[in-house]
Amino acid sequence: MSSKKKTLWTRNYTLLIMATVSGSVGGIAGGFALSFLVFDETGSTLAAALLLALEMIPMFVIPLVASPIMDRLPRKPFLVGGDAVNGLLYLLAGVYLLKFDFTYIGYLVFSLILTSLSTFDRLAYNSIYPKLIEEGFEDKGYTVSGMLYPVLNVIMAPVAAWLYERIGVSFILIMQGGLSLLAALIESFIRIKESTSIPEEGFLFGTWLSDIKEAAMYLKKEKGLQGIYGYMAVSNGIGNGYYPILTAFFRTAPGFSIAMYSYFSAAEFIGRSLGGLLRYFSKIPRKSRFAFAASVYVIYETMDAILLWLPYPLMLINRALCGFLGINSATLRETALRTYIPDNLRSRLYAFEEMLVSASVLVFSLIIGFMGEIMPYNLCMTACGAMAFIGCVVFIILKKRHIAPIYNLETPSDKK
């Protein structure tokens, strides 16, 4: 009797991807609608910036508090419960806006609650995701997840704009609530055995502190992880910080327009799709993975630095190339980290990365926003690329001895 053929698309993995699609479709549409609602109601970019800054607070604090508990408890209830409560809140928000006027303070409170819930949900998702991938299919699994959101974003952004004009934000939020509840329902059918390791005396403060120390001591000796987390923080912080610079450039530079800027997403989508397909059906030799990833980081930061000095057609090629290379390096990194990090520390170490990125986004958003006030936008973008390039040298290139073994580590995928 022949054994059952292994595949990436197991029942659990398929259910998780279906739930991810459902939640992401609603999230993209709702996020788009809410961002325009805030600006339409306040007429202030500062109000939107303050909102972004405040959202970073729970994203920094909650991972520190919650991750030790999540490493001792099953992650599935957090995943299902997070989407369910998220859906109910969006339904209530949509119904509220049908009957009452928008208030900025009310939205601040609503946004903080949602961000807090989303942080729990992300911790659970990133901790449970590796456990739902069949051994030997890690590369393909992370390629799918890396492509999913960019693809949905390209599809849903124009749909969300059309819906915003036709049916208004209230019904979009109600739709998002329904899709989040659907995601929770789909996730509830995932079958996974998870253990509980709460001490008999309960989860006391001393237990929490001991778990934090355990993760901190592990990270203290892992100089390679320190370098990867440091670069991800700098890269993501600068990447999020320069988006207002791009918007301002395309709104004010002669011969450019916001419509032209919108094609950046399409170009990057094409690049990511081609890169993802190549990654899905091929492999990068194990001994070459660090060299490939480091080269991508250098090219990516260089592309950012020269972006606004190029003719428009070359700008699109620039973004497409970044998308092509980015999906490949991201898949390498995710596969390496999820294989390298012990399961019992996964939530806590992911939480540390989340905290670093949140703090970096907050700091660099303010720094780059100030730079945009005193420098030409193209020069400001070059400075952003230069800062990220320095971060790459400091955290990746100079730490090659410690990081290369993580990237080049043999994974079950290598045996396929």
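**Figure 1. Arginine 348 and its salt bridge to glutamate 214.** Arginine 348 has a relative accessibility of 8% and therefore counts as buried (buried is under 20% relative accessible area, exposed over 50%, and partly exposed in between, with a 1.4 Å probe and protein chains only). Its salt-bridge partner is glutamate 214, and the closest N and O atoms are 3.0 Å apart (a salt bridge is a side-chain nitrogen of Lys or Arg within 4 Å of a carboxyl oxygen of Asp or Glu). Because arginine 348 lies in helix 13 and glutamate 214 in helix 7, the pair ties together parts 134 residues apart in sequence (helices are DSSP runs of H or I with at least four residues, numbered from the N terminus). Glutamate 214 is partly exposed, at 38% relative accessible area. The model is predicted: local features need pLDDT of at least 70, side-chain atom pairs count only at pLDDT 80 or more, and totals for chains, interfaces and linings use all residues. Residues are numbered from 1 along each chain as its sequence is written, and side-chain values use heavy atoms, with hydrogens and water left out.

**Figure 2. Further salt bridges.** By the salt-bridge rule, the count comes to four. One of them joins aspartate 304 to arginine 319, with the closest N and O atoms 2.8 Å apart. This pair links distant parts of the chain, as aspartate 304 belongs to helix 11 and arginine 319 to helix 12 (residues 312–340), 15 residues apart. Aspartate 304 and arginine 319 are both buried. Another salt bridge is formed by glutamate 334 and arginine 333, whose closest N and O atoms are 3.8 Å apart. Glutamate 334 and arginine 333 are likewise both buried.

**Figure 3. Helix 14 and its buried residues.** Helix 14 comprises 21 residues (377–397); at 1.5 Å a residue it should span 30 Å, and its end C-alpha atoms are 29 Å apart, which agrees (the expected span is 1.5 Å times one less than the number of residues). Its buried residues are Asn378, Cys380, Met381, Cys384, Gly385, Ala388, Gly391, Cys392 and Ile396. They cover an arc of only 160° around the axis, which puts them on the same side of helix 14 (the arc is that of the directions from the helix axis to the C-beta atoms). The cover over these buried residues includes helix 8 (223–241), helix 9 (243–252), helix 11 (289–306), helix 13 (346–374) and helix 15 (400–407).

**Figure 4. Helix 6 and asparagine 86.** Helix 6 (residues 168–187) has 20 residues and reaches 29 Å from its first C-alpha to its last, close to the 28 Å expected at 1.5 Å a residue. Among the buried residues of helix 6 are Gln176, Gly177, Ser180 and Glu187. Asparagine 86, in helix 3 (residues 76–99), counts as buried at 13% relative accessibility. Leaving aside residues up to four places away in sequence, asparagine 86 touches Leu114, Leu117 and Ser180 (contact means heavy atoms within 4.5 Å).

**Figure 5. Nonpolar surface patch including isoleucine 57.** Ile57, Phe60, Val61, Leu64 and Val65 form a nonpolar patch on the surface, with about 390 Å² of accessible area together (patch residues have over 30% relative accessible area and no salt bridge, and nonpolar side chains are joined within 5 Å; areas come from the Shrake-Rupley method with a 1.4 Å probe). Isoleucine 57 lies in helix 2 (residues 45–70) and is partly exposed, with a relative accessible area of 48%.

Terms used: Helices (H or I, at least four residues) and strands (E, at least two) are DSSP runs, numbered from the N terminus. Patches are made of residues with over 30% relative accessible area and no salt bridge: like charges are joined within 9 Å, nonpolar side chains (Val, Leu, Ile, Met, Phe, Trp, Tyr) within 5 Å.
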